[in-house]
Amino acid sequence: MAAALAAAGADVVIGDVLEDEGAETAAALRESGARAEFVRLDVTDDGGWAEAVGIAVEAIGGLDVLVNNAGVVHTDPIERLSEADYRKVVDVNQVGVFLGMKAVLPSMRRAGSGSIVNISSIGGIIAFPGILGYVASKWAVRGMTKAAAQEFGRLLAQDEQIHAAYRIIRDAILFTDRRLILIDKQGMTGRKVEYHSIPYRGITHFSVETAGTFDLDAELKIWLSGSAEPIAKQFGKGADVYEVQALLSTYAAR
Ligand SMILES: NC(=O)c1ccc[n+]([C@@H]2O[C@H](COP(=O)([O-])OP(=O)(O)OC[C@H]3O[C@@H](n4cnc5c(N)ncnc54)[C@H](O)[C@@H]3O)[C@@H](O)[C@H]2O)c1
């Protein structure tokens with residue numbers, strides 16, 4: 001996440017409980033020419049957020065975007081899931097997002113703009129067994145994001161949430177709560193980028209062609225109303241094209 005933001009030209013402050021890994025990531029980004037800092041941050045700690053925001057504003061002179069990315073998962077069936085383990089997941093994934101939004105809003109308000117990106121999950125749309133706390137917290141993140149957007153409008157980016165994102169060889173495909181966004185990187189260096197915004201209702205048909213196993217390349221084709229030729233995207237080995245197909249079925253049927 002930090003590397004992608006730095007590659008897109010952002011000055012980055014990384015907050016994480018993993019001090020060595022965080023400091024190493026920031027150092028590697030600096031070596032590649034980016035401006036990057038690390039601050040130890042436990043997202044469940046209100047005081048830590050205040051300190052991290054202060055450092056961000058001081059180190060990079062402002063705070064335009066917060067990405068609430070920290071997340072944990074605990075796997076246990078409900079009967080064996082302890083209250084402590086349930087609370088731990090909710091504390092990081094849900095309360096951490098709340099504290100993060102609360103901490104950055106004053107400086108975004110002062111600046112008159114800002115974007116907050118809260119990372120939910122497919123588990124915030126579809127329920128999965130064995131990860132009750134994770135599913136509950138990610139559904140909560142979606143709800144909190146919508147509620148916050150109602151309160152702060154465009155200050156929190158737009159009222160649009162990314163539900164899932166996949167990298168496809170050089171390109172990317174994003175499922176938001178409203179549309180499919182295809183990101184095409186073009187040219188030798190891939191520096192030219194084209195964004196296609198596709199409303200789900202425009203999808204008339206889609207297909208997945210595979211050689212029958214997860215280990216081989218797969219091709220996703222999407223037909224849009226009004227155009228005879230499909231958009232074709234090649235998925236590399238190991239990419240879960242069946243998951244993408246399941247999401248398309250869910251959204252295109254809306
Ligand atoms: N990996 C996936 O397939 C997937 C799918 C959907 C959503 N997500 C979400 O994307 C986000 C990133 O996931 P990831 O797969 O990169 O996980 P990851 O475990 O690689 O990264 C999560 C980071 O959060 C940090 N973290 C944990 N508790 C923290 C705390 N209390 N304070 C600060 N930092 C803390 C961890 O140290 C780690 O660096 C999470 O919110 C996750 O739920 C991941």
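I began with the classes of side chain: Ala, Val, Leu, Ile, Met, Phe, Trp, Tyr, Cys and Pro count as nonpolar, Asp, Glu, Lys and Arg as charged, and the others, Gly among them, as polar. I note also that the model is a predicted one.

**Entry 1: the ligand.** I applied these classes to the shell around the ligand and found nine nonpolar, four polar and two charged residues. The ligand is surrounded by 15 residues. I listed the closest, which are Val43, Ala70, Gly71, Ile119 and Ser121.

**Entry 2: the chain and its confidence.** I counted six helices and eleven strands in the protein chain. The chain has 254 residues, of which 25% count as buried. I then looked at contacts between residues at least 6 apart in sequence, and 47% of these join residues at least 24 apart. The average pLDDT of the protein chain is 86, and 88% of the residues score at least 70. Confidence is highest in helix H2 (residues 19-31), at 97. Strand S5 (residues 162-168) has the lowest confidence, at a mean of 75.

**Entry 3: helix H3.** I checked the length of helix H3, which comprises the 15 residues 46-60. At 1.5 Å a residue H3 should span 21 Å, and the end C-alpha atoms are 21 Å apart, which agrees.

I next asked which residues of H3 are buried. They are Trp49, Ala52, Val53 and Ala56. These four cover an arc of only 100 degrees around the axis, and therefore lie on the same side of H3. The spacing recalls a general rule: an α-helix has 3.6 residues a turn, so residues three or four places apart point the same way.

I looked up what covers the buried residues of H3, and found strand S1 (12-16), strand S2 (36-40) and helix H4 (83-111) among the elements that do. On the face of H3 turned away from the buried side I found the exposed residues Gly47 and Glu58. After H3 comes glycine 61, and I recorded its phi as positive, near 75 degrees.

**Entry 4: arginine 80.** I located arginine 80 in the loop between strand S3 (65-68) and H4.

Key. Residues numbered from 1 in each chain as written. Predicted model: local features only at pLDDT ≥ 70, side-chain atom pairs only at ≥ 80, totals over all residues. Helix = DSSP H or I, 4+ residues; strand = E, 2+ residues; numbered from the N terminus. Expected span 1.5 Å × (residues − 1). Buried ≥ 20, exposed ≤ 12 C-beta atoms within 10 Å, placed from the backbone. Arc of directions from axis to C-beta. Contact = placed C-beta atoms within 7 Å. Near = placed C-beta within 6 Å. pLDDT = per-residue confidence, 0-100.
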